[in-house]
Amino acid sequence: MPFGNTHNNFKLNYKVEEEFPDLSKHNNHMAKVLTKEIYTKLRDKQTPTGFTVDDVIQTGVDNPGHPYIMTVGCVAGDEESYEVFKDLLDPIISDRHGGYKATDKHKTDLNFENLKGGDDLDPNYVLSSRVRTGRSIKGYALPPHNSRGERRAVEKLSVEALNILDGEFKGKYYPLKSMTDAEQEQLIADHFLFDKPISPLLLAAGMARDWPDARGIWHNENKTFLVWVNEEDHLRVISMQKGGNMKEVFRRFCVGLQKIEETFKKHNHGFMWNEHLGFVLTCPSNLGTGLRGGVHVKLPKLSTHAKFEEILTRLRLQKRGTGGVDTASVGGVFDISNADRLGSSEVEQVQCVVDGVKLMVEMEKKLEKGESIDSMIPAQK
Amino acid sequence: MNTRCSVRGGKRCSGVIYESSVVQCRCFRARKGGGSASLFCWEKGIHTSAAFRCILTNSTICPFFTWRVLFWFCRITMAGSFARILSSKRKVGILSLVGAGSLTVGFFMNREQHVSAGAHVRRIYPPSAEYPDLRKHNNCMASHMTPAIYAKLCDKSTPNGYTLDEAIQTGVDNPGHPFIKTVGMVAGDEESYEVFADIFNPVIKERHNGYHPCTMKHPTDLDSSKIRGGQFDDKYVLSSRVRTGRSIRGLSLPPACTRAERREVERVVVDALGGLRGDLTGKYFSLTQLTDQEQQQLIDDHFLFDKPVSPLLTCAGMARDWPDARGIWHNNEKTFLVWINEEDHTRVISMEKGGNMKRVFERFCRGLQEVERLIQEKGWEFMWNERLGYILTCPSNLGTGLRAGVHVTLPRLSKDPRFSKILDNLRLQKRGTGGVDTAAVGNTFDISNLDRLGQSEVQLVQTVIDGVAYLIECEKRLEKGQDIKIPAPISQFK
């Protein structure tokens, strides 16, 4: 449930000019798109669960943004938000996802056999490989808007689905509320534990309400398949392992996801998905595949090359520090992952990563030998 | 769960389930083949095929609601008579029961709509599924919340649409500290204290040391001429300060206000402050338009307030839309200061260096009364009632909302083991010079009144003045090597 938001009907007593937020100092996608006309059109609308346009934009109003980084500035409260507020969200989605049109269709491809290569990335350079995505459970409101009862229902259903998994996926659920100190230490050591969000982007959207009620971590015995329940999305699914065998990571990812989905479907609560937006998640930046496939790779020479940023852009990749988003790289090791989420399939995005990283490792080797890499610089993908 | 199923004629049915966004019974769904568009049930707050239109009130209600209201009606009104009717003339009894029930439903439906003013609370799950887990919590709200109170209040809302879940969210998100007991809930508007009285009243009673909101009255007295003494030696008292808050009636409070309401508060208050004259003449600094120079000056004067970082405040939604419609007003002499739209609509502060608490309080009362007169000219007034005094966002600030304090140096007394007990008996509290939750610096303490509700402003300031006078007396005696006495505890409610 939205907090601090008096019921929308009461707010309609005030004129648009009186309610319209002051976005003069703002630099996020929502602030660039929202106009008084759009606000006037949408302000008396609600989704079936009661989410309103003010709820959508609150995080963007509270967080003006950074002069260099463009945050999204809005969230969805449920599946219908993307429909009811399409006049606001479609242009934002287009800006964020490279011109994706309201009429475009998104292709979903979770067939890991379609991935070519990916099992031969040099482990001397590629330290670890990881693929993550999110899933939302149909019929429940999303983290900015759900009530305690809904969140608990999502947890219950998720744990039921995950406990059915066996073989390489057999694992255990650790609810945040009742974790023992020993379990907590172990999860921290494994780099699995997620904590209460501190980013004002998430807090202003109401995603940390009732923490740690109905939040938890599930992972398999091998510690290669991990699911976060009720953090920023209903589910965050992560497949990872040391070394450069992205093919194996992606295989496990796809198989695990499909197994989980079967159980949810049996309860008439499949994943939120439609052919325009692909998988529906809380943040518009994660629509489509919601997939971030990446590696931790040592590129000390290439990263200092003048054309590094351009190479990444052409390969449709992005870099982050090894601590994740908004961190710096340590010892020349970078987190390289796909830049796209919407408009291309899972296989295509992971393919970009696999091909791109392979090329960059070769470039690094060339630079080590003191040779030029100008001939290897790729064309824009 | 055993809830009444409309298909089986109101009989209890274990087949009723809450699924997706519709409350329906398995047998009903099977018969209807999946359920179709339906009417809105006010009790459940959702569309359900089980709802029907009541002929008496022409509003849509659900059988679940009818039965529950009926049950409630019978229990608390004429339970005895109905029992007799039922046992003697069964048929007539049942008919009158149904008749009375429908009337009750009609009455409650109309009353419900008036109180809710069109706002309904989205309820999909029963209260037991929504009840927060408060087992690790240590705040006033958690101490007094029970499943029964939650079930009673969870689908109610104030006329502006503020709900119980919103009021308690800050207490759910902040379990508290093992040693400091926070309040754990806030009000979104004036009516919150009425609509959610079942939880606010025990919280108020605990926080205000036994003040009974149902039976006691709060006295308001801003006649500063009644103050005796209050001019302290500057050698001991470095500065004096009195603060309180005021809310503008008719506009929602910071946890719930819309941008338009917040801007309206700013407009009303700044307009009134612009009418102050003499030593109270001053200027408004809007946080959205501060120049760097102005900002630096306000920081140097220790006047600038910043976006709240305390999770107690941010979880209650008080930092939304920052810094829109927030600002600071102060008089040219920098002795009278008003914060706008921080934790309350307004926070009013009167202060000066040195020990003249009498003058500080005189200016405080004069300024407040003048501002009140100015807003009344334009048709506005402060939120106040005789049960709770001045209405503010946090229940801890009800009554006077007043904290009168001094920064006082007590090098010998502060080291005396009897210091805490002396403060307790004088009904004073100590804080560090940085404010709440800070440590003292070099034997200088912030000493202020403990109570807020149940005594008037004059009484509380007199308590501080008398108490500080006693503390200084103790310090002087210790300087001369004489002994000191712990004073008898003063009575709380005069």
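A polar contact is a pair of N or O atoms within 3.5 Å; within protein, one must be able to donate a hydrogen and the other to accept it. In this predicted model, such a pair is found at B:N331, where a polar atom of the side chain lies 2.8 Å from the backbone nitrogen of B:T335. B:N331 belongs to strand β11 of chain B, residues 327-331. Because its relative accessibility is 0%, B:N331 counts as buried. Leaving aside residues up to four places away in sequence, B:N331 touches B:D279, B:L280, B:T281, B:G282 and B:F336.

The discussion now turns to the interface. Here 43 residues of chain A are in contact with 44 residues of chain B. Together the two chains bury about 3,300 Å², of which 42% is on carbon and sulfur atoms. Between chain A and chain B, 23 residue pairs are in polar contact, both residues being at pLDDT 80 or more. On the side of chain A that touches chain B, the elements giving two or more residues are α1 (8-11), α2 (16-19), α5 (53-62) and α8 (148-163) of chain A. By class, that side of chain A comprises 15 nonpolar, twelve polar and 16 charged residues. The rule finds three salt bridges across the interface of chain A and chain B. The side chains of A:R148 and B:D165 meet in a salt bridge, with an N to O distance of 2.6 Å.

Confidence in chain A remains to be described. Its mean pLDDT is 91, and 96% of the residues of chain A reach 70 or more. Within chain A, confidence is lowest in α1(A), with a mean of 80, and highest in helix α4 (residues 36-42), at 97.

Technical notes. Residues numbered from 1 in each chain as written. Chains lettered and ligands numbered in written order. Heavy atoms only, no water. Contact = heavy atoms within 4.5 Å. Buried area = accessible area lost by both parts, 1.4 Å probe. Salt bridge = Lys/Arg side-chain N within 4 Å of Asp/Glu carboxyl O. Helix = DSSP H or I, 4+ residues; strand = E, 2+ residues; numbered from the N terminus. Nonpolar A, V, L, I, M, F, W, Y, C, P; charged D, E, K, R; others polar. pLDDT = per-residue confidence, 0-100. Buried < 20%, exposed > 50% of the residue type's maximum accessible area, 1.4 Å probe, protein only.
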